[in-house]
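Student: I have a model open and want to work through its parts. Can you take my questions one by one?

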Amino acid sequence: MGREILTVAETVSNEKGVSREAIFEALEQALVAATKKKFYEGTQSEEAQLRVEIDRKTGEYRTFRQWEVVADEDHEMPACQDAISDLDPSKCSIGDIRELEVESIEFGRIAAQIAKQVIVQKIREAERALIADAYVSKVGELIYGEVKKQTKEGFIIDLGDNAEGYLARDEMIPKELLRPKQRVNAILYEVNREGRGAQLLLTRAKPDMLMALMKKEVPEISEEIIEIKAAARQPGVRAKIAVKTNDHRIDPVGACIGMRGTRIQAVQQELNGERIDVVVWSDDPAQYIASALEPADVSGIVIDEDALTADIIFATSDQLARAIGSQGQNVRLASELTGYKLNMMLEEEYHARQQNEAQKYLDLFVQRLEIEENLAMALVEMGFTTLEEIAYVPAETFNEIELDEQTVETLQARAKEVALADALQQQENVQEPSQELLDMEGITQELAYALASRGIITVDDLADQATDDITDIDGLTRELAGQLIMKARESWFN
């Protein structure tokens, strides 16, 4: 019997390329399953825990029944546990595993059948692990394969050496057609080590595909003379790629396009005719955004680097239309490329908005500081937008509007007084969050008071919110907001 087991382990190991140790472990699991089926199934000991130990040299095996030593319970214990009070406490303690050798099953037809199933599963797991190990270092790289077959949701791509990739329709270029035996390029973007689903996930739609093809076609990129800084795509339609030269003698745009456009055309052909704009990257956000919006001519850009937003100003509606592009393609890709939210407007719109904002600040200073309109206008023109700014800037800041020292002191004292009164009023208006809200899992004290300032006092108040209602609170991401709202709604279903 031992010789038969050794033969099975040796044969399967040689045929499938799986280690003998993995085969022995599979056989041990199979023998455990077969033993349970024969001796314990349908009995009071059906939950019994077993262990089979195969001698790796002789193939002989022994079977042990196991019990976990636990504290005394007031209910009936399962067949895999022993109460500490029933044992000698000098020889064992809670948490120990007690073993007793029991009768071993013959390695007959049932055991062999179960062993076969377990071994097949082990082989599949081992093969998946080998493939995962071989490809995990290639994540993000361009790989080549042959279309093997089509499924309902995508295509199986043969990568060679028993490895197959999966190209989902969502990761393909829209309207592209793939046929069996066709060679295809794709980016490996994920290796799935789980036992279910496709293992090597491919994409032709992500920006990484564009960057990999540019690296392949433009030697200066692979040699790191030119650096790709970012890319954005609407697959099959249009894309933008930002490049920077590390050698001032080389034009990055010209190098990427190639003589008579040969380099960029090769990439476009691979991407089903996708139009590609090559943009010069700049560490100056305004210059970078202006380049990203080409071919439109920008008249002015006002940037808020903290909020990552930019107001883009155009002299004519024609230039504004160019910047927006067909169905908003150009501005959408430029925004994705630069990482800024782009607000597009004509000069007259911008000036009108500026005037409205200036009037708002002018009215604020006149009413709250009780000063003349010409002084309030001077403060607005200096760039002041809040009472706190006026109250706490250095006194010499006001030198450019030629205020005397006494006037500056009076102005700042008045601004501090009003700002302090506003802060106290706001503090008085903040309601206290309920203890239930403070105790809720995931809610910090700071967050609870921030919610209370919005009138969200109880857990039920939070449950009534939509995610978008509270995501503007500092430190509260959209994902966390959704989790907290769902947590608050648990009481609805209990």
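This is a predicted model: local features need pLDDT of at least 70, side-chain atom pairs count only at pLDDT 80 or more; totals for chains, interfaces and linings use all residues.

Student: How far apart are the end C-alpha atoms of helix H2?

Tutor: H2 covers residues 20-40, which is 21 residues. At 1.5 Å a residue, the helix should span 30 Å. The model agrees with that, because the end C-alpha atoms of H2 are apart by 29 Å.

Student: Which residues of H2 are buried?

Tutor: Buried here means under 20% relative accessible area. An α-helix has 3.6 residues a turn, so residues three or four places apart point the same way. In H2 the buried residues are Ala22, Ile23, Phe24, Ala26, Leu27, Glu28, Ala30, Leu31, Val32, Ala34, Thr35 and Tyr40.

Student: Does E9 run parallel or antiparallel to E8?

Tutor: Take the other neighbour as well: E7 (residues 163-168) and E9 (residues 200-203) are joined by three bridges and run parallel. E8 (residues 183-191) is joined to E9 by four bridges. Those two strands run antiparallel.

Student: Which helix gives the most to the lining of the second largest pocket?

Tutor: This pocket holds about 290 Å³ of space. Its lining includes Tyr350, Arg353, Gln354, Glu357, Ala358 and Tyr361. The top contributor gives six residues and spans residues 347-369: helix H11.

Student: How do the lining residues divide into nonpolar, polar and charged?

Tutor: Among the lining residues are Val302, Asp311, Phe384 and Thr385. The division is six nonpolar, three polar and three charged.

Student: What is the phi of Gly383, after H12?

Tutor: H12 covers residues 373-382, with Leu375, Ala376, Ala378, Leu379 and Val380 buried. Val380 and Gly383 also line the second largest pocket. Gly383 follows H12, and its phi is positive, near 105°.

Notes. Residues are numbered from 1 along each chain as its sequence is written. Side-chain values use heavy atoms; hydrogens and water are left out. The expected span of a helix is 1.5 Å times one less than its number of residues. Buried means under 20% relative accessible area, exposed over 50%, partly exposed in between (1.4 Å probe, protein chains only). On a 1 Å grid over the protein atoms alone, a cavity is a set of points where a 1.4 Å probe fits but cannot get out, and a pocket is an open set with protein on both sides within 12 Å along at least five of seven lines; lining residues have an atom within 4 Å of a point. Grid points are joined across faces, edges and corners, and a volume is the space filled by probe spheres set on the points. Ala, Val, Leu, Ile, Met, Phe, Trp, Tyr, Cys and Pro count as nonpolar, Asp, Glu, Lys and Arg as charged, and the others, Gly among them, as polar. Two strands pair if DSSP finds at least two bridges between them.
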